[in-house]
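Please examine the structure shown below.

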Amino acid sequence: METKVGYFASLEQYKPRDALEQTIRAENVGFDSVWADDHFHPWYHTNAQSAQAWAWMGAALEATKKVFISTCITCPIMRYNPAIVAQTFATLRQMYPGRVGIAVGAGEAMNEVPVTGEWPSVPERQDMTVEAIGVMRQLWGGQEPVTFKGKYYTLDKAFLYTKPDDEVPLYFSGMGPKGARLAGKYGDHLMTVAADPSVLKNVTIPNFVKGAADSGKDPSKMERAMLIWYSVDPDYEKAIEGLRFWAGCLVPAMFKYKVYDSKEVEVHANLVGHDMMKENYMVATDAEDLIKEIERFKAAGITHFCLGNSSPDVNLGIDVFKDVIPHVKD
Ligand SMILES: C[C@H](OP(=O)(O)OC[C@@H](O)[C@@H](O)[C@@H](O)CN1c2cc(O)ccc2Cc2c1[nH]c(=O)[nH]c2=O)C(=O)N[C@@H](CCC(=O)N[C@@H](CCC(=O)O)C(=O)O)C(=O)O
Ligand SMILES: CCCCCC(=O)CC
């Protein structure tokens, strides 16, 4: 499968208009795709943003010519109703054929708790995600109004009047072994994040492949996408510290417990050491280092890179890819 190189235009780290400028620049440099986080509260507090992803996607699609754009990721189970998620992405894909995708996952407390007050267990949210995908697929594929009574969602003669010619490609986020199996079973492609290459190779990808094969799909045709943050700067130490905004994602407690206050996340993020960031993210002083870092994750089985630019000089962090992309594409 060909390797794709995508740019993660963060709406938590950058103002929406700055993320838009980055997106235009990334398309010109030759990135295959652009991905946006779909958050209510951000993963850091100081200087953070948190723009609404779907509103931003419409502007980004209009401002670019051909690049594929997707969320990374949308949680379609609580603050959003899955039927409205289906309607939104069907609308975008009809307007921008072939250019729109969606990635889904079981959510994070910081996005759901502040506006719903609820935080079900991981297994229940995974179950809700599977049902939500069923709702979305029924609406996308439905030639007739759909009536459905599930455990979590209800459709009563629901029909999408605005549809694309083809279905919206759906990336399913799996971080744990069960999540990865569900991704193989119910997704078109895998999305994952914040894992070191040995975990990807020995746990995440084998479980994804098993889930896909068990449901009769050909896993070799399914992408293994991953959100990975990187920072490039001629000063190596400065490059590592550039990744601090995202260090909270490396703290397992953020997923296990109901943490939804960004100030609290930031306290944990500030305790993460450089070794952990180097292992899970990409730190580079130049294009050559970045190529080696990408190869490290490619060897573990990643085929579509969603690269989150946390470089001290953001434009340098995009432009360096003129010298990276030709070397990492097969
Ligand atoms: C927590 C793990 O669950 P899993 O389903 O595998 O992954 C969850 C994630 O996909 C979501 O949280 C996702 O929403 C996060 N996310 C995101 C993910 C990604 O791959 C790329 C980008 C993003 C950005 C983004 C995200 N979310 C948003 O809302 N918005 C965004 O922009 C997991 O570890 N699962 C394990 C099972 C764990 C479990 O059940 N634990 C038990 C307790 C066990 C114990 O006590 O030790 C429990 O909690 O009850 C698995 O195997 O699946
Ligand atoms: C382990 C962290 C996964 C979540 C990433 C995220 O929500 C930021 C976009």
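**Pockets, helix packing and backbone details**

The lining of the second largest pocket comprises 3 nonpolar, 6 polar and 2 charged residues. This is a predicted model, and in it the second largest pocket has a volume of about 200 Å³. The residues that line this pocket are Q13, Y14, Y44, T46, N47, E241, G242, R244, F245, S310 and S311.

The largest pocket, for its part, holds about 780 Å³ of space. It is lined by 41 residues, and those closest to its centre are E108, S173, M175, V193 and F255. Several secondary-structure elements each give two or more residues to this lining: the helices α4 (109–116), α5 (122–141), α6 (177–186) and α9 (253–256), together with the strands β7 (170–173), β8 (189–193) and β9 (224–232). Which element gives the most to the lining of the largest pocket? That element is α5, with 4 residues. Sorted by class, the lining of the largest pocket contains 23 nonpolar, 11 polar and 7 charged residues.

An unreviewed UniProt entry carries the annotation "domain: Luciferase-like", which covers residues 9–304.

Attention now turns to a pair of helices. Helix α2 (residues 53–63) packs with helix α3 (residues 82–95) at an angle of about 5°, and their axes are 11 Å apart. Because angles under 35 degrees count as roughly parallel, α2 is roughly parallel to α3. On the α2 side of the contact stand W54, M57, G58 and L61, which meet I84, V85, T88, F89 and L92 of α3. By class, the residues of this contact are 7 nonpolar and 2 polar, with no charged residue.

Two details of the backbone remain. Where does I73 lie? I73 is found in the loop between β3 (68–71) and α3. The peptide bond that leads from C72 to I73 is cis, with omega near 0°. The other detail concerns K157, a residue of strand β6 (residues 154–158). K157 has a positive phi of about 50°, although K157 is not a glycine.

How values were computed
Residues numbered from 1 in each chain as written. Chains lettered and ligands numbered in written order. Predicted model: local features only at pLDDT ≥ 70, side-chain atom pairs only at ≥ 80, totals over all residues. Heavy atoms only, no water. Axes fitted to C-alpha atoms, helices over the stretch in contact; angles between N-to-C directions. Parallel < 35°, antiparallel > 145°, perpendicular 65-115°, else oblique. Contact = heavy atoms within 4.5 Å. Nonpolar A, V, L, I, M, F, W, Y, C, P; charged D, E, K, R; others polar. 1 Å grid on protein atoms, 1.4 Å probe; cavity = no way out; pocket = protein on both sides within 12 Å on 5 of 7 lines; lining within 4 Å. Points joined across faces, edges and corners; volume = space filled by probe spheres on them. UniProt positions renumbered as here; feature names shortened; annotations may be inferred.
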